[in-house]
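Have the structure open while you read.

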Amino acid sequence: TCYKYQVTDTSQAGTTSYIWFDTQNYQMRRYSATTADGTSDMTFSYGAVNITAPSPVQDFSATGQ
């Protein structure tokens with residue numbers, strides 16, 4: 001399930017654009033645009049992210065000197 005938004009740019013007459021965001025994480029899932037030159041339609045998917053702390057690390061403190 002997605003929210004569908006129409007994008008209106010008054011400087012781009014004749015262009016129709018839509019963006020879909022999922023209703024769970026609000027991530028962009030699809031973008032569609034139609035101009036005088038043609039149509040583009042893109043879909044987006046997101047993979048899992050794995051972040052690990054760097055190692056080795058060195059602690060330091062600013063002494064103001």
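Which charged end sits over the ring of Trp 20? That would be Arg 30, 4.2 Å from the ring's centre.

## Ground rules

Bear in mind that this is a predicted model: local features need pLDDT of at least 70, side-chain atom pairs count only at pLDDT 80 or more, and totals for chains, interfaces and linings use all residues. Residues are numbered from 1 along each chain as its sequence is written, and side-chain values use heavy atoms, with hydrogens and water left out.

## Charges over rings

The test here is NZ of Lys or CZ of Arg within 6 Å of the ring centre and within 35 degrees of the ring normal.

## Aromatic pairs

Rings of Phe, Tyr and Trp (its six-membered ring) pair if their centres lie within 6.5 Å; planes under 30 degrees apart are stacked, over 60 edge-to-face, and the rest tilted. That rule gives three aromatic pairs. One of them, Tyr 3 with Tyr 26, counts as stacked because the planes are at 0°, with ring centres 6.1 Å apart. Tyr 3 belongs to strand β1, while Tyr 26 is in the loop between β2 (16–22) and β3 (28–35), so the pair ties together parts 23 residues apart in sequence. Strands here are DSSP runs (E, at least two residues), numbered from the N terminus.

Tyr 18 and Trp 20 also pair up: their ring centres are 6.2 Å apart and the planes are at 45°, so this one is tilted. As for cover, Trp 20 is buried at 14% relative accessible area, whereas Tyr 18 is partly exposed at 25%. (Buried means under 20%, exposed over 50%, partly exposed in between, with a 1.4 Å probe and protein chains only.)

## The tyrosine patch

Tyr 3, Tyr 5 and Tyr 26 make a nonpolar surface patch with about 360 Å² of accessible area together. Areas come from Shrake-Rupley with a 1.4 Å probe, and for residues only the protein chains shown count as cover. Patch members need over 30% relative accessible area and no salt bridge, with nonpolar side chains (Val, Leu, Ile, Met, Phe, Trp, Tyr) joined within 5 Å and like charges within 9 Å. A salt bridge is a side-chain nitrogen of Lys or Arg within 4 Å of a carboxyl oxygen of Asp or Glu.

Taken one by one, Tyr 3 is partly exposed at 39%, Tyr 5 is partly exposed at 46%, and Tyr 26 is exposed at 54%. Tyr 5 lies in strand β1, residues 2–7.

Key. Helices (H or I, at least four residues) and strands (E, at least two) are DSSP runs, numbered from the N terminus.
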